[in-house]
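Please examine the following chain and its three-dimensional structure.

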Amino acid sequence: MLTLENLSVHFPVRGTNKVVRAVDDVSLSVPAGGSLGLVGESGSGKTTVGKTSLRLLDATSGRILIDGEDVTHLPRGRQTQLRRKAQIVFQDPHSALNPRMTIAASVAEPLKIHTGLSGAGLRGRVGDLMDIVGLPAQFLYRYPHELSGGQKQRVCIARALALEPRLLVLDEPTSALDVSVQAQILDFLRQLQRDLSLTYLFISHNLAVVRYVCERVAVMYLGRIVEEGPTEQIFCEPSHAYTKKLINSVPLPQAVQPERMAP
């Protein structure tokens, strides 16, 4: 569903002829219906990979294929087609929602832009999306400040699902939430993937979260992939020194164990 071939993203340093190699020769593949966790410390390039995969940032070199289509140089005018196939859920649900828009208006916005839905049809689709993410109808006409962090993230997920994408890029979707709420959202994301046959690129610095959600893991360090493999293999038999250091830096008693916290 998502393939990155030798992807590089470099940012020029203002006033010099130097560049920051945020992503350097990254190759990844996520099959349809699969889930790949992209882990690494802050500044390793994870979020840049996620944003570039959806053409929110331009690649310096390499190729991006979504559902078999090369979108690396897709013109801006044709990127509306891409938005129907792939969406992103950002890290901070508090800043991802417009504080001046009701929940109904936020969820309806992509439908207004990309489809011809209006009136009763639009209201019905918004209601269906709220049902999918487990929020009752009374939330529709509330504003973001009236919702908890977990509820806001569910709204963001509903909005991302509005166009029925097959690929979701999840950029630290639980890091801004309380631990108990993290567990609920993670369980919900796993169930959602099973129900809708979604493909996940799951970006996180939390190894326990990735272990719980993803089938495969890729480890990033200084813009490069240093190790990739099945999740349990990476956690039980890491081969790269950085991966070992990353795993050993999180004592097991402190690691998040979502399955034990689920209500």
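**A buried threonine and its setting**

Thr 52 counts as buried because its relative accessibility is 0%, where buried means under 20% relative accessible area, exposed over 50%, and partly exposed in between (1.4 Å probe, protein chains only). The model is a predicted one, in which local features need pLDDT of at least 70 and side-chain atom pairs count only at pLDDT 80 or more, while totals for chains, interfaces and linings use all residues. Residues are numbered from 1 along each chain as its sequence is written, and side-chain values use heavy atoms, with hydrogens and water left out.

- Thr 52 belongs to helix H1, which covers residues 46–53; helices (H or I, at least four residues) and strands (E, at least two) are DSSP runs numbered from the N terminus.
- Beyond its neighbours within four places in sequence, Thr 52 is in contact (heavy atoms within 4.5 Å) with Leu 7, Val 9, Leu 57, Asp 58, Ala 59 and Ile 64.

**Overall form**

- The chain contains 11 helices and 10 strands.
- Its radius of gyration, taken over C-alpha atoms, is 19 Å, close to the 18 Å that the globule rule (2.2 Å times the number of residues to the power 0.38) gives for 263 residues, so the chain is as compact as a globular protein of that length.
- Along the principal axes, the C-alpha atoms fill a box of roughly 55 × 45 × 35 Å.
- Of the 263 residues in the chain, 49% are buried.
- Among contacts with a separation of 6 or more, 66% join residues 24 or more positions apart.

**Nonpolar cores**

- The largest nonpolar core has 49 residues, of which Val 107, Val 126, Met 130, Ile 157, Tyr 200 and Phe 202 touch the most other members; a nonpolar core is a set of buried Ala, Val, Leu, Ile, Met, Phe, Trp, Tyr and Cys residues joined through side-chain atoms within 4.5 Å.
- Helix H6 (residues 149–161) gives the most to this core, with 6 residues.
- Another core, of 27 residues, lies apart from the largest one and includes Leu 36, Ile 64, Val 71 and Met 220.
- Leaving aside neighbours within four places in sequence, the contacts of Phe 202 include Leu 36, Leu 170, Pro 173 and Val 213.

**Packing of helix H4**

- In helix H4 (residues 103–114), the buried residues are Ile 103, Ala 104, Ser 106, Val 107, Ala 108, Pro 110 and Leu 111.
- These buried residues of H4 pack against helix H5 (119–132) and H6.
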